[in-house]
Number of protein chains: 2
Amino acid sequence: MTPDEFRRHGRQVVDWIADYLESLESRPVRSQVRPGEVRAALPSAPPERGEPYEQVLADLDRVLLPGITHWQHPSFFAYFPANASGPAILGDLLSSGLGVQGMLWATSPACTELETVVVDWLARLLDLPAALRTDSAGGGVIQDTASSASLVALLAAGSRAGGELARRTVYTSSQTHSSLEKACRIAGIAPGNLRVVDVDPRTLALDPEHLRSLVSADVAQGAVPTLVCATIGTTGTTAIDPVRRIGEICREHGGWLHVDAAYAGVSAVCPELRWINDGVADYADSYVTNPHKWLLTNFDCSVLWLRDRRPMIEALSILPEYLRNAATLSGQVIDYRDWQIPLGRRFRALKLWSVIRWYGAEGLREHIRGHIRLADEFAGLVAADEEFVLWEHHPFGLVCFRPRWPGLPIQDANEATIALLERLNDSGELYLSHTKDTEHVLLRLAVGAPSTGREHVHAAWRVIRDTYAAMA
Amino acid sequence: MTPDEFRRHGRQVVDWIADYLESLESRPVRSQVRPGEVRAALPSAPPERGEPYEQVLADLDRVLLPGITHWQHPSFFAYFPANASGPAILGDLLSSGLGVQGMLWATSPACTELETVVVDWLARLLDLPAALRTDSAGGGVIQDTASSASLVALLAAGSRAGGELARRTVYTSSQTHSSLEKACRIAGIAPGNLRVVDVDPRTLALDPEHLRSLVSADVAQGAVPTLVCATIGTTGTTAIDPVRRIGEICREHGGWLHVDAAYAGVSAVCPELRWINDGVADYADSYVTNPHKWLLTNFDCSVLWLRDRRPMIEALSILPEYLRNAATLSGQVIDYRDWQIPLGRRFRALKLWSVIRWYGAEGLREHIRGHIRLADEFAGLVAADEEFVLWEHHPFGLVCFRPRWPGLPIQDANEATIALLERLNDSGELYLSHTKDTEHVLLRLAVGAPSTGREHVHAAWRVIRDTYAAMA
């Protein structure tokens with residue numbers, strides 16, 4: 001494709017996206033296709049001859065769009081929404097257009113140095129401790145996901161802990177994201193050495209006394225407590241683990257405190273929410289938050305900070321002949337390949353830079369506050385309806401709740417809630433997901449799409465209430 | 001940013017990229033900045049108020065471009081070039097614009113099903129065995145990099161091998177990509193259990209007899225041979241390991257044969273190059289190749305195929321409550337989250353689909369053949385010059401060679417070659433990298449940028465020869 005053809009088709013694609021964003025609301029939120037339907041509509045063999053780009057766009061409309069669940073739809077309330085925004089999409093486009101590979105400083109210095117600048121910017125925006133910024137012994141790095149970031153933290157923790165792999169123990173709660181269990185499997189932590197700490201059944205936050213007793217028993221048996229994961233804003237209900245008390249226990253036994261704030265961490269752009277990070281400055285060895293979850297930056301963009309980068313580099317650095325270069329050997333530069341699982345890396349910093357510059361700190365705060373206001377408003381609607389039970393804890397954009405189903409035993413009520421969820425999602429009018437507290441299935445309504453307004457939240461509540469009324 | 005603002009700035013960015021591509025040749029290939037220069041030119045604190053997008057683009061020109069090493073420059077011959085092309089950039093843009101997250105089939109069925117279709121297309125284009133396509137017990141998946149793909153293969157191999165982690169052994173050669181050693185570290189393979197197999201000093205291909213003796217000795221001591229990596233097109237010199245003979249040894253002892261064809265694999269779009277895959281159909285348990293290296297698809301796009309997906313899913317699948325859904329529980333769909341390290345995933349299939357449709361099989365073959373012709377032409381220039389020694393093996397786009405430095409002992413000659421390399425790269429006129437055979441530093445000239453033509457290869461040779469003449 002020549003640069004001139006690229007100009008022409010590039011405009012078509014930009015217009016296609018703008019049209020898509022404008023038409024989003026008229027589409028069903030969750031795709032209505034059945035398994036295999038999209039695949040069956042596509043040829044099983046690739047084309048022998050090239051085709052005009054218009055045909056690609058036509059098939060996108062005809063075949064793919066019906067199979068898309070619209071994550072940017074204003075009534076997408078499932079999981080945590082994957083944020084996107086114009087400047088993020090454009091930053092990503094610039095990254096694709098430049099096509100640089102930032103594995104080493106030397107392979108494109110600006111790719112590395114802009115990343116250093118923006119992760120430091122984000123640390124300032126969130127008022128994270130200076131010890132996590134790059135001028136300290138630590139620093140930040142952009143990863144694809146919090147899954148990968150947590151795996152990197154686990155490997156760094158293992159490198160610091162030393163000793164036999166088979167003796168290393170890791171501590172999470174039942175509410176910790178499943179990616180920590182996956183990281184343990186990948187890193188060869190023995191399945192029996194992943195300890196699941198109890199939670200307070202009222203808040204679903206990790207119980208530090210139980211953590212302390214587990215760690216003490218393990219140490220007594222010769223285990224090496226390697227990493228404890230504290231979550232600020234769990235995936236299920238946005239519970240907040242007591243980071244400070246967990247940090248004290250880590251300090252006593254030398255364990256690495258990893259703070260998973262994948263969803264909620266970015267909300268600290270607002271000073272009134274910085275209480276969520278209590279204990280981080282004193283105790284966190286690593287901290288991860290995802291601008292792609294709630295800071296207007298399209299997937300993938302997860303930022304991991306470490307207090308000390310050395311154990312990570314020790315765990316991950318290998319220097320074959322073909323990567324040797326004067327800048328690396330000088331020790332004056334960062335090679336972010338040693339801060340991640342893969343070798344190659346995209347220029348992801350461009351999209352975060354684009355977002356922060358376009359919105360400014362002010363715009364980012366307004367974005368977060370707007371969603372929290374909407375979530376509060378929705379919670380108010382639920383609380384005012386005696387047919388529903390509100391999960392009281394909702395400091396962010398997520399509201400959990402459940403219908404009462406009067407007269408039904410818990411198991412039946414849970415099944416009825418799942419049936420309600422399926423019926424709601426099948427309608428295409430909104431998309432919710434679910435979780436469980438210690439007993440009940442809860443519906444999750446996460447306000448997070450940038451296009452969501454008051455009208456969408458109120459419409460969601462009407463559909464939920466009416467559908468429940470029809471079923472109850 | 002409103003859809004209309006996005007339209008306006010989107011056109012600016014598309015034009016910026018087209019202008020960039022048109023002006024590439026006038027820029028120095030390798031960035032000329034010193035460590036810290038880009039960072040020092042950017043503010044250390046983020047902006048409080050949002051800024052116009054024009055300012056972002058202005059800073060891109062003023063601050064970032066001087067710090068960019070231009071991977072798409074026609075005289076970029078270092079590493080393996082990271083391919084990009086118009087349709088790939090546009091496919092990536094569509095992915096960013098849609099903003100879907102394909103962790104589960106249910107979270108956007110088209111994201112999963114298009115991926116299934118395009119990885120099967122690519123398997124057909126490369127004439128890979130039908131056992132690697134999705135209708136078999138195996139199937140393909142797009143990963144970010146071959147590093148991650150190899151890690152997934154290693155975890156699947158471990159899951160199939162069973163037994164204690166501490167007994168598992170892995171076999172690579174000194175020419176195997178460093179990502180395999182990194183994967184072993186990540187997955188907790190004991191450092192002493194990564195065996196480095198000898199290579200034939202003449203071809204740098206893995207010596208199967210040495211592999212056999214290592215495996216036998218390990219088995220005799222109770223080890224569990226878990227994975228052998230055979231490379232088709234090593235990073236250093238594009239050596240080709242004897243896949244068939246390695247496969248026979250794997251078959252005897254139950255080890256998993258992972259074929260790393262990250263760079264060279266895509267060249268099998270040309271029937272005349274399919275000999276490189278001899279043995280794959282009979283023995284490979286997994287096979288990885290990177291469209292982002294040599295198939296016009298911008299980074300990141302690495303395709304991993306497996307003959308049996310079950311051990312991988314067993315190694316990587318975890319189903320927490322918030323991810324449960326009817327489609328997953330039905331067993332009728334693929335959830336690619338279980339085929340990779342992270343949970344979340346981008347809609348990468350769009351760019352590969354765009355590329356295959358725009359170029360067609362015919363265009364992809366012409367792309368590969370053109371580069372091989374240029375590499376052959378360059379090799380001819382080197383071979384005809386008695387001041388230089390050509391590395392005879394160059395079936396793909398990479399040519400390795402070294403100056404003779406008559407009279408210098410090997411160590412001094414190697415230092416002189418590195419000094420020549422630095423001087424060439426400092427010139428900004430071309431960008432090369434290097435490797436080592438068993439004794440000598442070799443210069444690597446990899447033809448791979450889609451914009452590279454005869455004139456660039458001849459110009460490169462003139463600069464190399466003249467610079468050497470000035471130094472010798």
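**Notebook: sheet and symmetry of a predicted model**

I looked up a residue pair and found A:Val288 opposite A:Leu304 in β7(A). The model is predicted, with local features needing pLDDT of at least 70, side-chain atom pairs counting only at pLDDT 80 or more, and totals for chains, interfaces and linings using all residues. Residues are numbered from 1 along each chain as its sequence is written, chains are lettered from A in the order in which they are written, and side-chain values use heavy atoms, leaving out hydrogens and water.

I then traced the strands (DSSP runs of E, at least two residues; helices are runs of H or I, at least four; both numbered from the N terminus). Pairing requires that DSSP finds at least two bridges between two strands. In chain A, β6 (residues 286-289) and β7 (residues 302-306) pair in the antiparallel sense over four bridges.

I read the order of the open, seven-stranded sheet of chain A as β1-β7-β6-β5-β4-β2-β3, with mixed pairing. β1 (139-143) and β3 (194-197) of chain A are at the edges with a single partner strand each, so one side of each has no neighbour in the sheet. I noted an average twist of 20 degrees from one strand to the next (axes are lines fitted to C-alpha atoms, for helices over the stretch in contact; angles run from 0 to 180 degrees between N-to-C directions).

I next compared the copies, superposed by least squares on C-alpha atoms of residues with pLDDT of at least 70 in both. Chain A is laid on chain B with an RMSD of 0.0 Å by a turn of 180 degrees and a shift of 0.0 Å along the axis. The two copies are therefore related as by a two-fold rotation axis.
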